[in-house]
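Please consult the sequence and coordinates while reading.

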Amino acid sequence: MISIKEPVSGDNFVNRLDLLKNLHLIYPTDNVALIGPRRIGKSSIAEQFLRTLPDKNIIKFRFDVQENNRSPGLLAMQLLRFFMFAYYEEVIKKDAYEIADMEINPNVLLEASLDLSSKTLQKLSLFLISYYPPTPDNEREVLRRILSFLEDFSAEMETKTVVVLDEFQDIIDLNKYKGFKNGEILGFLRGIISKQNRVWYLFTGSAVRLMIDIFGKADSPFLGRVRKFNVTRFNKDDTIQLIYKCIKRPITSEALNFLFALSKGHPFMPMCFNPCFNGCHSGSLTPFLFCSFPVCFNPCFNGCHSGSIIIENRYNHFCMFQSLF
Ligand SMILES: Nc1ncnc2c1ncn2[C@@H]1O[C@H](COP(=O)(O)OP(=O)(O)OP(=O)(O)O)[C@@H](O)[C@H]1O
Ligand SMILES: [Mg+2]
């Protein structure tokens, strides 16, 4: 079953071909931002892009800024953890359990640096051991060192790195910490990122206005430095393709039209129908829809979706749907 909780990729991923083609054309020259509302499919596109990168010698991973947004130093430590895990798992194909404790015990990084014969990791480990745990005074330096390390380590290991910074707009929260008090976080990041040749960034964000400000406002340090793409809703063909991935039974064109109208091209909506069609129902679709449809749709309308789909007259819809099968 296709998840609605997690981003999807691989066989479950539908379309976005033009966007993916553009990403592949631009990579690794300019950094890119994907901007679009909640649940539109940004993280899935990012995951699919990572999956379809041809070069095997790449450290690649998706890092959710929102989920890891603590102090600058702790965020940086999490980023480093993702990076090292990706290196172990993607490039040298080794289990990364040795460095699992790095956030509470940076000594394990020193051991890893010997294991990997890495001078850059050794240097960073010694720094982190002496400065760890981060205090308000050294937060900025921890973040700077770790971001710079991504480039230095990639050069040392002759790899490239692709980092997806998901929900990037939340990085602005770091401005409340000492070291970034004057709202400098974007300028600080730009200063480091713009010097990097081996690390490529894909920023995604669902706070559309904030993302537009970050990458397009006249006084933003990122102005004109990142290629922006809007992630839009699915067209009818894509929606139908998605519905066929969810519904393992024949479906009439009227029903497809109806589902497209109902979903309005939001890719996660057909997934919400999935259990209704394939799971809880085993016989004829008609009576099931008539009696259970509202229950199955409930989470979609009240929970994950925030209101752009309005069912004005549910009863009419059920009757309409019923007549289609
Ligand atoms: N291209 C796609 N193919 C198949 N399913 C998709 C696709 N895009 C989105 N979905 C469906 O929509 C759900 C939400 O997608 P995703 O997590 O990528 O969106 P998002 O824009 O990153 O959401 P959020 O703003 O909450 O982070 C997925 O779990 C999946 O069910
Ligand atoms: Mg996402």
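Ligand 1 lies between domain 1 (10-230) and domain 2 (236-322), because both give residues to its shell; the domain bounds come from an automatic or database domain assignment. The shell comprises 24 residues, the closest being Val14, Gly41, Ser43, Ser44 and Phe268, where a residue counts as near if its C-beta atom, placed from the backbone, lies within 6 Å. Helix H2 (42-51) and helix H11 (268-279) each supply two or more residues, and H2 gives the most, with 3. Helices are DSSP runs (H or I, at least four residues), numbered from the N terminus. By class, the shell has 11 nonpolar, 8 polar and 5 charged residues; Ala, Val, Leu, Ile, Met, Phe, Trp, Tyr, Cys and Pro count as nonpolar, Asp, Glu, Lys and Arg as charged, and the others, Gly among them, as polar.

Helix packing is considered next. The axes of helix H9 (residues 236-246) and helix H10 (residues 253-263) come within 10 Å and cross at roughly 110 degrees, with axes fitted to C-alpha atoms over the stretch in contact and angles running from 0 to 180 degrees between N-to-C directions. H9 is therefore roughly perpendicular to H10, a term covering 65 to 115 degrees. Lys236, Thr239, Ile240 and Ile243 of H9 meet Leu256, Leu259, Phe260 and Ser263 of H10, contact requiring C-beta atoms, placed from the backbone, within 7 Å.

This is a predicted model: local features need pLDDT of at least 70, side-chain atom pairs count only at pLDDT 80 or more, and totals for chains, interfaces and linings use all residues. Residues are numbered from 1 along each chain as its sequence is written, while chains are lettered from A and ligands numbered from 1 in the order in which they are written.

Technical notes. Angles under 35 degrees count as roughly parallel, over 145 as roughly antiparallel, 65 to 115 as roughly perpendicular and the rest as oblique. Two residues are in contact if their C-beta atoms, placed from the backbone, lie within 7 Å.
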